[in-house]
Amino acid sequence: MNEKIDPNQETDSVSAATENSIWLSDALNRKPEPANPNESPKQKISLIRAFKERSRIIRQIDLINRQIREENSIIEGGLRSIDVRQSYAEYTRLCCKLITLKKAISGANCGIIGKLVELAEIKSICRQLKLIPVKDGRQEPGYDESEVKVMNAELKKAEIAAETEALQTRMDVLQDEIDEFNARTLIEFEP
């Protein structure tokens, strides 16, 4: 994509955009076309592979989005290093692909939604436990302090550590169950 595009060159991009819109809003409102037997068929992939594909698509979208932001508005008479409309059309295609993939992943995750919610909440609780102050007993004066303080923690450090460890054990069990589900669950995906 290093070919310089002359912005003053006459193109038929406006009429092409009208016939085959580059805009995501148009693509999302378009009715799905009937399956073409010449197209590559959808494949069944594991959720683990689907998550990797999702990350790959997101990286591609980010790259194209960055290029569009850098090249869209240039000094008049300057040359663009990419065809912004073509790049946005590719951006739209990838966004539609990502939406389709995320919908398939979400549909497949219905079988373990309870475990996913529980795991997320336990992680949140563990983060909160780490924020609870556990100073207990005599505290020597700190910088710019002159008094010794005696602190009294209701929830002791050992209690919080034990609770965090028990929750971590539960998170490990849940994560193993989710990983097993992700490995054996297949979704349809068009590469």
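This is a predicted model: local features need pLDDT of at least 70, side-chain atom pairs count only at pLDDT 80 or more; totals for chains, interfaces and linings use all residues.

A residue is called exposed when its relative accessible area is over 50% and buried when that area is under 20%, with partly exposed covering the range in between.

Begin by selecting Glu-140 and Arg-138, which form a salt bridge whose closest N and O atoms are 3.0 Å apart. Glu-140 has a relative accessible area of 53% and is therefore exposed, and Arg-138, at 58%, is exposed as well.

Next, select Arg-56 together with Glu-53, where the closest N and O atoms of the salt bridge lie 2.3 Å apart. Both residues belong to helix 3 (residues 47-71), and because they are three residues apart in that helix, about one helical turn separates them.

Finally, move to Glu-177 and Lys-115, whose side chains meet in a salt bridge with an N to O distance of 2.9 Å. Show helix 6 (residues 157-184), which holds Glu-177, and helix 5 (residues 113-131), which holds Lys-115, and you will see a pair that links distant parts of the chain, 62 residues apart. Glu-177 is partly exposed, its relative accessible area being 31%, and Lys-115 also counts as partly exposed, at 32% relative accessibility.

Methods. Residues are numbered from 1 along each chain as its sequence is written. Side-chain values use heavy atoms; hydrogens and water are left out. A salt bridge is a side-chain nitrogen of Lys or Arg within 4 Å of a carboxyl oxygen of Asp or Glu. Helices (H or I, at least four residues) and strands (E, at least two) are DSSP runs, numbered from the N terminus. Buried means under 20% relative accessible area, exposed over 50%, partly exposed in between (1.4 Å probe, protein chains only).
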